[in-house]
Amino acid sequence: MTTLRDETDNSLNQESEIGKIEEIPEAIIRPFEFDDLTIIGAVFNTYIACQSEDVFYLIDQHAAHERIFYERLLKQYNSEEKAQQQLMLPLNFNVSADVSATEESWISTVRNMGYDIEFFGNNTYIVREIPAFMEMSEAEEFLNDLFNEFSERPDLKNNSVLEKIIMRSCKSAVKAGDLLAYEEIDALFNQLKHCDNPFSCPHGRPTFVKITKHEMERMFKRV
């Protein structure tokens with residue numbers, strides 16, 4: 001059993017700058033067409049099972065969703081126009097005094113991600129709009145994670161530092177063991193196939209593993 005990442009150039013670099021994903025030749029990053037795959041179910045509420053004519057694939061739902069979340073956030077951050085959704089009831093965030101005191105160093109970053117955020121007094125911030133691609137619970141959990149990172153006063157002008165913070169804050173992604181409806185599985189699959197790099201999560205773990213029909217027949221000593 002091999003990962004699709006193993007079949008690509010092992011020297012393939014991960015994103016080196018926030019929002020700047022390395023351009024990779026189509027022949028390298030698309031060794032197969034996603035449209036050739038058929039979803040056939042889920043295994044252990046963790047892996048999405050797919051197949052083509054003679055290859056069986058397992059997609060790690062958590063790694064896949066982390067990749068989707070990460071790329072969408074980067075594109076949002078670098079976009080001039082922010083895709084946002086207005087909340088009927090604003091979210092309130094109580095932060096540490098350190099985070100509040102260093103507001104100038106991080107608030108523009110959060111706004112660039114698609115949050116409409118402003119100071120509300122007493123170390124509290126109010127959010128009236130969130131990124132359009134996030135569920136409210138995702139947006140809330142993600143921002144709480146960011147505030148925890150900001151308490152260490154990172155240098156957000158350093159793209160690599162900011163990228164690492166975003167990577168560490170992808171905890172709101174679908175977890176292993178989460179039971180997904182077929183519609184959710186289908187949506188996750190279709191979102192992954194539109195990623196620039198669908199082969200690994202932001203931390204470098206593979207999103208896919210595969211086994212060919214021939215490899216499976218060898219396991220059962222049919223060939």
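Which are the buried residues of helix 7? Select L162, E163, I165, I166 and M167: these are the buried residues of helix 7. Buried means under 20% relative accessible area, exposed means over 50%, and partly exposed lies in between, with a 1.4 Å probe and protein chains only. Helices are DSSP runs of H or I with at least four residues, strands are runs of E with at least two, and both are numbered from the N terminus.

**Before you go on**

This is a predicted model, where local features need pLDDT of at least 70, side-chain atom pairs count only at pLDDT 80 or more, and totals for chains, interfaces and linings use all residues. Residues are numbered from 1 along each chain as its sequence is written, and side-chain values use heavy atoms, with hydrogens and water left out.

**The whole chain**

Colour by secondary structure. The chain has 9 helices and 7 strands. Of its 223 residues, 44% are buried. Now show the surface. The accessible surface comes to about 12,300 Å², and carbon and sulfur atoms hold 47% of it. Those areas come from the Shrake-Rupley method with a 1.4 Å probe; for residues, only the protein chains shown count as cover. Contact means heavy atoms within 4.5 Å. Among contacts with a separation of 6 or more, 69% join residues 24 or more positions apart.

**Around helix 7**

Go back to helix 7, residues 159–168. What covers its buried residues? The cover includes helix 3, helix 5 (103–112) and helix 6 (136–150). Take helix 3 next, residues 61–78. The axes of helix 3 and helix 7 come within 10 Å and cross at roughly 140°. Axes are lines fitted to C-alpha atoms, for helices over the stretch in contact, and angles run from 0 to 180 degrees between N-to-C directions. Helix 3 and helix 7 are therefore oblique to each other. Angles under 35 degrees count as roughly parallel, over 145 as roughly antiparallel, 65 to 115 as roughly perpendicular, and the rest as oblique.

The crossing of helix 3 and helix 7 is right-handed. A crossing is right-handed if the near helix is turned clockwise from the far one by less than a right angle, and left-handed if anticlockwise. Show side chains. From helix 3, Y70, L73, L74 and Y77 meet L162, E163, I166 and M167 of helix 7. This contact has 7 nonpolar, no polar and 1 charged residues. Ala, Val, Leu, Ile, Met, Phe, Trp, Tyr, Cys and Pro count as nonpolar, Asp, Glu, Lys and Arg as charged, and the others, Gly among them, as polar.

**Helix 3 with helix 8**

The crossing of helix 3 and helix 8 is left-handed. Select Q61, A64, H65, R67, I68 and R72 in helix 3; they meet L188, Q191 and L192 in helix 8. By class, this contact divides into 4 nonpolar, 3 polar and 2 charged residues.

**E81 in its loop**

Move to E81, in the loop between helix 3 and strand 4 (84–94). Is E81 buried or exposed? E81 is exposed, with a relative accessible area of 70%.

**Two asparagines**

Select N122, in the loop between strand 5 (116–121) and strand 6 (124–131). Phi of N122 is near 55°, a positive value in a residue other than glycine. N122 counts as exposed, at 76% relative accessibility. Now take N123, also found in the loop between strand 5 and strand 6. Phi of N123 is near 60°, again positive in a residue other than glycine. N123 is partly exposed, at 29%.

Select Y125 in strand 6. At 0% relative accessibility, Y125 counts as buried. Leaving aside neighbours within four places in sequence, its contacts include L91, F93, W106, I117 and F119.

End at M134, in the loop between strand 6 and helix 6. M134 counts as buried, at 2% relative accessibility. Not counting residues up to four places away in sequence, M134 touches F69, L73, Q85, Y115, A139 and F142. Draw the line from M134 to Q85: their C-alpha atoms are separated by 8.9 Å, at 49 residues apart along the chain.
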